Amino acid sequence: MNGAAWLSYSLQDFVMFGPEVFLRLFARINQDLWPWLLLWPLAGLVLPWFGRQAAELPRRLAMALAGLAWIGCGYLFLVRYYGPVNWPATGFGWAFVVQGLLLLLLKGRALPAPMTRPVAVSWWLAILLLPWLSVLEMPDVWALALFGLAPGVTVAATVLLFARQPSPLRWLLLVLPLAWTLFSAATYWALGTFWLLGFPVATLALLVVAFRVNPSPEQTPDSQSVRPGPGRQSP
Amino acid sequence: MLELSRRRFLIGVGLSGLAVASPRLMAAGSTPGEQAFHSRPIPSTGESVPAIGMGTWITFNVGGDQYLIDQRTRVLETFLERNGTVIDCSPMYGSAADVIGAGLDKLGAHDRIFAATKIWTSDGSETREQAATSERRWGIDRFDLLQVHNLLAWQEHLATLKEMKAEGRVRYIGISTSHGRRHRELARVMETEPLDFVQLTYNVLDRESEERLLPLARERDIAVIVNRPFQGGSLFRRFQSEPLPSWAGEAGVGNWAEFFLKFIISHPAVTCAIPATTSVEHMQENMGAMYGQLPDASQRRMMAEYVRQL
């Protein structure tokens, strides 16, 4: 097919399912995993507390929780539930699993410095407010898009961590979130589920927040590796 | 309890015998309005198929959602109750084939349908494998119709489909396109290949097929399946709030679904239109287009002019 032929397609021509099918994915996965699904948002709530600790071990744990969230929404939501109606979702799902494993393997490099307060607050706002976007589209509390299961919330929150990484790791970790943001925005637009566009918009907004209030590690050295200046000499 | 009079008994026996002898004739009398339904012969064999079939693009791709699978099964049941037989799908449509298969299983209706699907792979050597996979998903032994989807690798697939037809692995073969694309290439295939069916987009607004493809299909004795009869639903979004023309009743049209569908199936080259829906009520409306009077040539012109003016 030549380029002109491709241009004759609209976004809707590439979406092979209806909005009802997509919105019910949230309700179905929540009902199927009840009550164990509560572990995911709970993990999301405590993650910033670990991430703000000065010691390295809790920060490793924070990154591990983020990794498990990526694996959870990659395998469960994208591969198992979304993939059967939209084949690119299966590819994204396995990519999410790989990214989750990468986060688990990062170990000490996970969070080079403790999360700042604005980043932690942004995180909590993301995982507490964004889940309701899907409920606005499908008025059913079962349709909550939960952190660790729903990719929109998981991606939006975790970009706050990825932006904290040193280059080039930061950009490596941001490739998939940005690809997902683009893909999901196109899908929501084609489906006409405009409230869900809040997920990609929030992802980009949080990325901006992360870069503005949370300068890169090159600019803010790890407290454990900083060389004390003359004014900060220990007695 | 109702008493069974001798007269009622004799009528009942007579009708039962008629039903056994000619299920289609009996079915025609059991429909709303007691009107005969419109069927069309497949030119290559003369076998008749109902003029309204069922598409499954988007509508039957519901994944593993049991609630929606059951709901789509009710849509399928309504289609079959209204004497529909032609069901069209494609491997491209995600889980639609599995949902059709689940519905046919539940309704025990595998032998009541005209099963049509497509070959959708750029690998020209995968024709048989993909057909077998689709058969397994539908739960049928063989398809009535296999079509090359959107002319994808059509030379290789069509060569294999011709072999399969000769072996009795499929009854009819064809080729499909949609959205009015690649008509020139489709026309070349129709001119040179022994096709039973073509599938193309045609509706009251998208009428490019009238110029070349529909006349060519008549000339070459090729059956025509029409997809996107509602332009993917946009015809309803644009016109449903408008009144039907005052002369609609004279053309056998009682609602907009009938307006759009009767315009299509009244074209002499069209064998079958395949609207898709997720709603039982809409399926009933769609199947209503298969009954009653059809617009004649002058009324068809008026229909096209009416929507153009709107």
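What percentage of the 310 residues of chain B count as buried? In this predicted model, local features need pLDDT of at least 70, side-chain atom pairs count only at pLDDT 80 or more, and totals for chains, interfaces and linings use all residues. Residues are numbered from 1 along each chain as its sequence is written, chains are lettered from A and ligands numbered from 1 in the order in which they are written, and side-chain values use heavy atoms, with hydrogens and water left out.

In chain B, 55% of the 310 residues count as buried, that is, under 20% relative accessible area with a 1.4 Å probe, protein chains only. Chain B contains 12 helices and nine strands, where helices (H or I, at least four residues) and strands (E, at least two) are DSSP runs numbered from the N terminus. For chain A, with 235 residues, the buried share is 52%, and the secondary structure comprises 10 helices and zero strands.

Within chain B, the axes of helix 10 (residues 256–265) and helix 12 (residues 297–309) come within 10 Å and cross at roughly 125°; axes are lines fitted to C-alpha atoms over the stretch in contact, and angles run from 0 to 180 degrees between N-to-C directions. Helix 10 of chain B is therefore oblique to helix 12 of chain B, a class left over once angles under 35 degrees (roughly parallel), over 145 (roughly antiparallel) and 65 to 115 (roughly perpendicular) are set aside. Contact (heavy atoms within 4.5 Å) is made by B:W256, B:F259 and B:F263 of helix 10 of chain B with B:R300, B:M303, B:A304, B:Y306 and B:V307 of helix 12 of chain B.

Notes:
Buried means under 20% relative accessible area, exposed over 50%, partly exposed in between (1.4 Å probe, protein chains only).
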